[in-house]
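Take a pencil and work through each exercise before you look at its solution.

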Amino acid sequence: MRRLAAFLALTAAIPLAAAQSWPSRPLRLVIPYAAGGPVDVSGRLLAAKLQESLGQPVVPENKPGAGGNIGVDQVAKSAPDGYTLVMSAIATLAINPSLYGSLPYDPLKDLRHVTLLVQVPNVLIVRNDLPAKNVKELIALAKERPGKLDFGSGSTGSTGHLAGEMFKMMTGTYMVHIPYKGSAPAIADMMAGRIDLMFDNLASALPSIKAEKLRALATTTRKRSSFLPDLPTLDEAGLKGFDMTTWWGVSVAAKTPQPIVDRLSAEILKAMDAPDMKERLHNMGSDAPSVRTPDQFAAFAAAELKTYTELVRRSGAKAE
Amino acid sequence: MEGIFHNLGIGFVECFRLQDITLWGMTFSHVPFNIIMCLIGVLLGTLIGVLPGIGPVATIAMLLPVTFNLSPVAALIMLAGIYYGAQYGGSTTAILVNLPGESSSVVTCLDGYQMARQGRAGPALATAALGSFFAGCFSTLIVAMFAPPLAEVALKFGPAEYFSLMVLGLVSAVVLAHGSLVKAISMVILGLLLGLVGTDVNSGVLRFAFGISELADGIGFVTVAMGMFGICEIIGNLEQKEKREIFTSKVSHLYPTKEDWKRIWAPVLRGTLLGSALGILPGGGALLASFGAYTLEKKVSKYAHEFGKGAIEGVAAPESANNAGAQTSFIPLLTLGIPSNAVMALMIGAMMIQGIAPGPQVMTERPQLFWGMIASMWIGNLMLVVLNLPMIGMWIKLLTVPYRILYPSILLFMAVGVFSISNQPFDCFLMALFGLLGYVCAKLGCEPAPLILGFILGPLMEENLRRAMLLSRGDPFVFVSPSKPISLGFLIAAAILLVIIAFPALKKKREEAFAAEDT
């Protein structure tokens, strides 16, 4: 019994000692998606920066599968020593728990959220020859032709899909959801006039908006985006309180010692504020997120989880 | 026409522009930096093409952060080089050890490996390199001259058109096999079923995953292809204890003979044209290029009976087609800003991070970038053929390595390659399982190629079918309505092909032909 007590005391002491010498060996940054997406790219940028400031290699590792759940689960169950980080996102923290029914991890209890890295607004885009020139006209058009308008999205349960469902709920309209595999083919179909509208993240929609191949009607965020300062928000256009962004950041296993979380958060914020990194994240469509500290991020993730659980339930989008 | 020359002038000047570069604190003055990046790109591309499993997507993703410190032109030239360089390298392992590293080289295995078994690995490799070179140059010209109008054509392809194209592809999958029709159809259907594993696009429901979360995104193509071809071949070889063939003892020449030249020019031309056309289509067009070219060749060639037994046309056509397709798949990216595959999506990522919004305005606002990239494709293709032809001798030497050393190395490379895709050991076990399945199929006389095509096309076909039905609100006539002539045309072509395959009189002839062959 005494041995056990000694053992417990010892294990309790380890994290403190470990926190002081952290990091003493290479870190892993798990990216729960296939290489090449925006989360992957920003993760690799961050890994390079952290490597400089922490003085230890930070190795990005792609662990795709099950909408990101596999990679996040591995980190949730990893040793809470601050050596295994994960790029956590709106999908894995806020949407998948209700979309998939049961997840192997609890996004709030099994993970400690460190810092929010990127927040990209979604934009409401319509095909060029759609008669609606603004949000009000679009709502009128959707009411005039119930069930006739098609809205595309990158996948079932994506933020684009759920923004569309939210729009339908708030306006009392009915439009048909057409899911694609990624937003690029949906944009192509919209250019060709096969679908009418779409909520897409700013980064992937911006080139087509700039080239005037598609028309933007509004952003889905409370604040206007610095990329399209003349574009009204849905909130301004009458859908009060409409506020949806696509976001991702860095999380670690829940029991990671506080000093390590704080240090990690400070280093990530420092990396994000570096001019070159700032510019690159900005080029991905992200205005600097307002959520910064670990506690802010945790509260934000909890609020988002609540919003999307409700939204997924009411929209009927659910994977088994 | 003059405009083109002017623009290409800009491009070549940009490629060879001498720059002062600072690397690792050292300054190099007057170096043609862009062309050096092109060389690095094609070298890397060839290397990853040769290594099974490690594809251009993973490589480009890993190199993205490095490219941020380069100028946009240099970065894109290098990334493009990796992409089309991989198309050259991919054929090497397919021909030498029956190991398709990319989806496009599956068909190259069919005849390329048979040629290697007959001691004709040299001509097969040379044909692949030269065919790719011709196709690359030709299709780059198409990109330079007709990119904007062709992009409009690509937009004409909606879900209905894609579905009908896939139907045509699937019917032609049966032609890929040279044995029993029933077995070929069964393999296509087995492939379709395997393709269904994973998350349903429309409802998000998991299908055939049996609670295994690694199966939630479906089975990887590389896993299936390496198992069914690579591992199966190794098992088969080890089974023949003493008599393992020694390919090199029969090597008579490294390069194609005069007779070969006569046989390959027409298939190369047809493959290039078909590949260029299919490459333009985002969403699976390029995948079909090499399969389509092989099927076409088998139908029109007077050496049709040799297909599957080492016909040089069976290497020339698909290799030209896949390289042509790789080149023209830049069209939707450069003119519309729409990526046609994962590599193109990465290129968009690279452009955005550099602060360039891809799309039609790139051509006018940044002519150096646009035309520099096009010019680099010619230079890169030239570099590739110069690099690859002398390497043939070296590759042939590889075949003299004793099999007891060669096969564990191949297995190791395959395992590393498969593991590197998603860092899951599960995929390696799955590959081994497919190796066993491939072996059983081989014993039953069922060929893997139709299965692979069914596996690739099945999910695409389902996705487009259901999307077309959603858009038409459930009207099945959407595929044959006169307002969709492209879709109708494909379905008619598929029906004709089906009749040719299934018509009893023709079928009998077909069997006779095979019976004659077998004796």
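Predicted model: local features only at pLDDT ≥ 70, side-chain atom pairs only at ≥ 80, totals over all residues.

Residues are numbered from 1 along each chain as its sequence is written, and chains are lettered from A and ligands numbered from 1 in the order in which they are written.

**Exercise 1.** Find out whether B:Val31 is buried, partly exposed or exposed.

*Solution.* Start with the cut-offs: buried requires 20 or more other C-beta atoms within 10 Å of the residue's own, exposed 12 or fewer, and partly exposed lies in between, with C-beta atoms placed from the backbone. B:Val31 is partly exposed because it has 14 such atoms within 10 Å.

**Exercise 2.** Locate B:Val31 and list its contacts beyond four places in sequence.

*Solution.* First, B:Val31 belongs to strand β2 (residues 26-31) of chain B; a strand is a DSSP run of E with at least two residues, numbered from the N terminus. Next, contact asks for C-beta atoms, placed from the backbone, within 7 Å. The partners are B:Leu18, B:Gln19, B:Ile21 and B:Ile36.

**Exercise 3.** Compare the radius of gyration of chain A with that of a compact globule.

*Solution.* The radius is taken over C-alpha atoms, and the globule rule is 2.2 Å times the number of residues to the power 0.38. For 320 residues, a compact globule would have a radius near 20 Å; chain A has 21 Å, which agrees. Finally, 55% of these 320 residues count as buried.

Definitions and conventions
Helix = DSSP H or I, 4+ residues; strand = E, 2+ residues; numbered from the N terminus. Contact = placed C-beta atoms within 7 Å.
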